[in-house]
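Please find below my note on the model under review.

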Amino acid sequence: MSQADIIYDTLEKVSGRVGDPKELIYARLFAAHPEFEELFILDVDGGVRGSMLESCYNCITGAAEKSDLPRFHLEAARMIHDGYGLEESQIDAMFDTIRDTFREVLADDWSPAMETAWSAILADLARMGRSAA
């Protein structure tokens with residue numbers, strides 16, 4: 001199975017277990033980074049959170065497919081979020097949170113291949129972001 005296949009398989013398995021994992025991901029993010037929650041104070045319907053998560057998924061799948069698109073998404077995200085006072089590592093925390101949530105949801109079905117693929121993708125995304133900044 002290719003790295004991209006593993007990432008897509010993970011997304012499908014998580015969706016099959018919990019449907020939309022948005023609430024789980026943001027609960028974990030806010031627990032680990034309470035300062036982030038105030039950034040979403042005006043997002044009363046969850047639309048901003050959903051859009052941000054979709055952008056993250058696009059970066060993850062794009063990196064798995066070896067596309068250049070994640071680099072452009074990350075450049076834009078880092079410029080936008082810089083205005084909120086967020087550092088690069090704080091943006092990377094979102095990707096870590098997605099992986100950690102998926103690992104928890106899949107529990108015993110989280111495989112060594114998944115761990116390897118996700119670790120590689122997140123490292124790629126962190127490097128892309130740092131080279132863009």
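The numbered points below take up the basis of the note, the core, one arginine and the aromatic pairs.

1. This is a predicted model: local features need pLDDT of at least 70 and side-chain atom pairs count only at pLDDT 80 or more, while totals for chains, interfaces and linings use all residues. Residues are numbered from 1 along each chain as its sequence is written, and side-chain values use heavy atoms, with hydrogens and water left out.

2. The largest nonpolar core has 31 residues, of which Ile-60, Met-94, Phe-95, Ile-98, Trp-118 and Leu-125 touch the most other members. Such a core is a set of buried Ala, Val, Leu, Ile, Met, Phe, Trp, Tyr and Cys residues joined through side-chain atoms within 4.5 Å; buried means under 20% relative accessible area, exposed over 50%, partly exposed in between (1.4 Å probe, protein chains only). Helix α7 gives the most to this core, seven residues. Helices (H or I, at least four residues) are DSSP runs numbered from the N terminus.

3. Arg-99 lies in helix α6 and is buried, at 13% relative accessible area. Beyond its neighbours within four places in sequence, Arg-99 is in contact (heavy atoms within 4.5 Å) with Trp-110, Glu-115, Trp-118, Ser-119 and Leu-122.

4. Phe-102 and Trp-118 form an edge-to-face aromatic pair, 5.6 Å centre to centre with 90 degrees between the planes. Rings of Phe, Tyr and Trp (its six-membered ring) pair if their centres lie within 6.5 Å; planes under 30 degrees apart count as stacked, over 60 as edge-to-face and the rest as tilted. Phe-102 lies in helix α6 and Trp-118 in helix α7, so the pair ties together parts 16 residues apart in sequence.

Methods:
Helix = DSSP H or I, 4+ residues; strand = E, 2+ residues; numbered from the N terminus.
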